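Student: I am new to this structure. Please take me through one part of it closely, then show me what lies around that part.

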Amino acid sequence: MSVDERDPLTGHRTTGHEWNGITELNTRVPRAVWWAIGLTHAWAVLMWFLLPSWPLVTTYTKGLLGVDQRQLVAGQLAAAARDHDQWMSRIASEDLPTIRGDKELMATVAEVAPALWGDNCQACHGRVATGGPGFPDLVDKSWLWGGDDDAVLETIRVGVNSAHPDTRTSQMLAFGAGGMLTRDEIRTVATYVQSLSGLATPDDATRQAGAQLFADNCASCHGDDGTGDTSLGAPNLTDAFWLYGSDSETLFRTIYGGRHGWMPTWESRLSEAQRKILALYVLNVLPEKQ
Amino acid sequence: MVAALTVGTRVLALVILGIGAIVGLAMAVAGAGQAFGVHGWIVLIYCLVIAWRVMLQLDAPEPSPSRLRSYYDDPIKMGVVLTMAWAIVGMGFGVWVAYLLAYPDLRYDAAWTGFGRLRPVHTTGIIFGFGGTALITTSFHVMQRTSRARLAGEFTPWFVLLGYQLFVILAISGYLMGINQSKEYAEAEWYADLWLLVVWITYFTLYIRTLARRAEPHIYVANWYYLSFILIVGVLHIFNNVALPVSWSGSRSYILWSGVQDAMMQWWYGHNAVAFFLTSGFLGMLYYYLPKRAARPIYSYRLSILSFWGITFFYVWVGSHHLHYTALPQWVQTLGMTFSIMLLVPSWATAANALLTLNGAWHKVRDDATLRFMMVAAIFYGMATFEGSFLAIRGVNALSHYTDWTIAHVHVGTLGWNAILIFGAIYALVPVIWRRERMWSPRLVEWHFWLAVAGTVIYVFSMWNSGILQGLMWRTYNDAGTLQYSFIDTVMAMHPYYMGRAVGGTIYMIGMLIGCVNIWMTIRKAPEAGYLRDMPKTPAGDADDRRVPAE
Ligand code: HEM
Ligand code: HEM
């Protein structure tokens with residue numbers, strides 16, 4: 001339908017068309033719009049002159065500023081590396097006792113470590129390294145593989161049951177599944193294990209049977225007195241710290257099915273300096289905080 | 001609805017459905033034991049259910065020829081119902097994903113409930129299910145009304161509407177089974193893509209054929225937008241999805257493009273999915289329902305032309321702003337950034353054109369929640385485009401990219417602009433096509449309005465906070481020159497905002513459910529309208545509109 005009329009409100013003419021009751025005014029484009037077009041286009045053209053922008057046949061316009069995002073990043077990375085190097089090179093070359101002796105360097109370690117820990121170790125060992133079922137508490141002083149500097153550094157370097165050729169190997173045999181012990185024997189020895197740390201007080205008959213089973217099957221790794229062996233990663237069964245758990249059901253599962261803790265190797269993922277920072281974090285920074 | 005089709009059309013429908021069922025069966029047999037086979041069953045069952053519905057009324061008498069003198073609104077009615085059904089699915093999954101991000105255990109250890117599967121169900125369900133069905137539905141309405149012509153054909157509109165539903169169903173059920181070609185917003189695999197292509201070409205020809213029948217000398221702006229949406233989405237869909245299937249009986253395929261070309265193709269598509277799906281199509285909707293509801297002339301025809309061509313021209317250049325600081329050559333990034341800034345002017349000009357149209361109708365905006373939905377949508381559109389242009393600046397993007405800031409921007413657009421506009425349009429549309437005086441309960445429309453606005457604001461503010469905090473935490477260095485925060489620190493810092501987002505989304509969803517009830521009750525209970533002059537112009541004269549059956 002054709003209507004050519006004036007809108008009483010704005011005084012503008014309509015275009016003369018109508019669609020199911022909708023009409024359009026012929027208002028001119030507001031000046032602000034032209035200004036905005038001018039400004040944004042001017043800015044765009046300016047950018048085209050300054051920055052790499054338009055493709056040519058085999059190359060592109062490089063821009064007057066001569067910026068190149070690749071070089072920019074490379075430069076920033078190099079600058080950051082130079083920055084780190086002041087302390088990083090010292091950590092890489094000095095041994096842990098020397099680093100510990102330097103308060104300032106230890107302050108840097110304490111500053112750098114949490115993010116490194118959070119991005120690499122926290123998922124398994126927890127926020128403050130207190131672990132969880134299957135993942136050891138690293139601040140409890142009950143070490144599977146030894147808590148001296150070299151042992152901890154070595155564990156972090158090669159991991160446990162990992163893909164590293166020198167990996168530490170942790171093997172808790174599957175006594176039940178492997179048919180070495182019956183279910184009853186497993187229950188007996190489990191009760192005996194509990195009694196080692198005072199969690200159970202079995203009658204004499206059970207204790208003796210348990211002690212015998214333990215001596216025959218377990219002592220080779222866990223030691224005659226059950227205090228473990230850090231060269232095998234066999235935990236101390238007489239203390240209050242448990243990797244998998246001390247209740248009867250968990251103990252039964254551990255002895256029946258065996259356990260093979262897995263800790264990745266970090267040699268190719270973290271630099272030596274970073275591994276040292278983490279060892280110091282676990283051995284010094286965290287215990288001091290707690 | 002079937003009885004309103006001619007017997008010939010019913011038979012044609014059965015033939016096409018039969019072919020579909022045979023293809024479905026073939027897929028089910030060839031892909032037995034795989035997800036592809038399940039898709040075969042879905043196709044088969046889908047075709048059989050519709051065929052059964054047609055069969056029920058196969059013998060109904062021929063419809064009266066006088067129907068050809070009125071608009072063809074049956075597919076629109078179905079479309080409205082489907083749109084709201086998709087709203088429930090899409091937002092339901094959105095809310096689930098939102099709670100899942102706050103509580104990662106909320107997945108009950110099933111394979112199909114992983115974040116990687118649920119998230120595309122949300123995005124596809126909401127954009128293509130809800131948004132796409134709303135676009136098809138409203139376009140059927142707008143193309144008829146602004147052309148004063150009946151839809152071209154009675155079979156084609158159904159083919160487009162229901163065929164499109166099948167595509168979305170295949171896409172979504174596929175993600176849950178692990179079928180995904182790993183391209184965002186184009187996750188569906190090759191056979192679903194091919195099917196969509198068929199549907200889309202039919203849609204385009206339907207639109208053109210209807211326009212060709214028009215009784216108006218000029219084509220209204222809304223139609224330009226709808227057409228550019230259909231045309232460009234079709235072209236993008238083809239380019240982004242050229243893939244070689246590994247076998248005809250499996251869902252796996254390989255995309256022709258690789259490396260950085262593939263990335264560029266993906267975001268050329270991805271951005272224009274946003275641009276032409278969520279912007280141009282919706283501007284078509286805005287340009288019809290807003291002036292219609294406000295009963296005011298469009299503020300400026302010249303501004304319409306200027307911004308239409310501005311938007312259409314600039315949008316196709318800007319995809320590279322999704323790939324700042326990547327392997328994409330820097331010159332492409334500069335172009336994407338500069339064109340994004342130039343794009344702001346036509347975007348805002350469009351929002352301004354809509355808002356200035358309301359001059360002289362502000363009292364209606366105050367009193368009528370339906371019109372207020374559209375007004376607020378235009379405002380959010382302005383906000384989303386401003387924010388988008390800002391985020392496209394490389395330096396800003398360095399902070400925002402990969403963070404929840406993008407999610408905030410997305411939902412300013414999708415919740416505030418797309419979904420709110422759809423609700424406004426549907427509240428305007430439902431009484432018209434069901435011949436009702438008004439919605440069943442204007443009070444509930446009012447409630448829906450405030451819940452939608454509150455939900456959007458809570459969602460968006462949570463994500464702005466979370467995004468900026470996240471971006472800053474990621475780039476904070478300590479004195480030693482290493483990162484201050486580990487990734488998990490930033491994740492934990494997000495938790496309260498994720499809760500906020502989930503609550504905002506829940507509020508939004510409640511509003512939408514209220515809308516569903518209101519629409520249902522309007523169809524069932526609202527008083528019938530008296531004489532409505534809502535009919536095409538035909539040489540044979542007008543049909544008596546009142547006698548159009550209001551099912
Ligand atoms: C009930 C309301 C909604 C809720 C709770 C919700 C929630 C979410 C969540 C949790 C995500 C994932 C964010 C992430 O990965 O970090 C998401 C992504 C997304 N949603 Fe929604 N959503 C809602 C409504 C909508 C609507 C109505 C639309 C579109 C019309 C939409 C479109 C999208 C898109 C496109 C993405 C992907 C964003 C990206 O990849 O950057 N959402 N939504
Ligand atoms: C002038 C208009 C707009 C510009 C220049 C723009 C620009 C941008 C930019 C720069 C990003 C972030 C890319 C990234 O860092 O990954 C983005 C993301 C996004 N925008 Fe916009 N935007 C505009 C309007 C809109 C509107 C109106 C909507 C929708 C409803 C929208 C929906 C989205 C979506 C869904 C994404 C997420 C894409 C993804 O999955 O990563 N945008 N936009």
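Student: How many residues does the contact take from chain A, and how many from chain B?

Tutor: Keep in mind that this is a predicted model. The contact takes 49 residues from chain A and 56 residues from chain B. Now the area. Between chain A and chain B, about 4400 Å² is buried. Carbon and sulfur atoms give 62% of that area. On the chain A side, three residues stand out. Trp19(A), Asn20(A) and Gln69(A) supply 17% of the area that chain A buries against chain B.

Next, the charged pairs. There are three salt bridges between chain A and chain B. Look at Arg127(A) and Asp489(B): their side chains meet in a salt bridge, at 3.7 Å from N to O.

Now turn to helix packing inside each chain. Start with chain A. Helix α4 of chain A covers residues 103-120, and helix α11 of chain A covers residues 272-289. Their axes come within 9 Å and cross at roughly 100 degrees. Angles of 65 to 115 degrees count as roughly perpendicular, so α4(A) is roughly perpendicular to α11(A). From α4(A), the contact includes Met106(A), Val109(A), Leu116(A) and Trp117(A). From α11(A), it includes Gln274(A), Ile277(A), Tyr281(A) and Asn284(A). By class, this contact of α4(A) with α11(A) has 14 nonpolar, two polar and no charged residues.

Take α5(B), residues 155-177, and α6(B), residues 190-212. Their axes come within 9 Å and cross at roughly 155 degrees. Angles over 145 degrees count as roughly antiparallel, so α5(B) is roughly antiparallel to α6(B). The crossing of these two helices, α5(B) and α6(B), is left-handed. Among the residues that meet are Phe159(B), Tyr164(B) and Phe167(B) in α5(B). Their counterparts in α6(B) include Asp193(B), Trp195(B), Trp200(B) and Arg209(B). The residues of this contact of α5(B) with α6(B) divide into 15 nonpolar, three polar and two charged.

The other pair is α7(B), residues 221-240, and α8(B), residues 259-294. These helices pack at an angle of about 160 degrees, with their axes 8 Å apart. Therefore α7(B) and α8(B) are roughly antiparallel to each other. Their crossing, α7(B) with α8(B), is left-handed. By class, the contact of α7(B) with α8(B) has 19 nonpolar, eight polar and no charged residues.

Technical notes: Residues are numbered from 1 along each chain as its sequence is written. Chains are lettered from A and ligands numbered from 1 in the order in which they are written. This is a predicted model: local features need pLDDT of at least 70, side-chain atom pairs count only at pLDDT 80 or more; totals for chains, interfaces and linings use all residues. Side-chain values use heavy atoms; hydrogens and water are left out. Axes are lines fitted to C-alpha atoms, for helices over the stretch in contact, and angles run from 0 to 180 degrees between N-to-C directions. Helices (H or I, at least four residues) and strands (E, at least two) are DSSP runs, numbered from the N terminus. Angles under 35 degrees count as roughly parallel, over 145 as roughly antiparallel, 65 to 115 as roughly perpendicular and the rest as oblique. A crossing is left-handed if the near helix is turned anticlockwise from the far one by less than a right angle, and right-handed if clockwise. Ala, Val, Leu, Ile, Met, Phe, Trp, Tyr, Cys and Pro count as nonpolar, Asp, Glu, Lys and Arg as charged, and the others, Gly among them, as polar. Contact means heavy atoms within 4.5 Å. Buried area is the accessible area (1.4 Å probe) that two parts lose on being put together, summed over both. A salt bridge is a side-chain nitrogen of Lys or Arg within 4 Å of a carboxyl oxygen of Asp or Glu.
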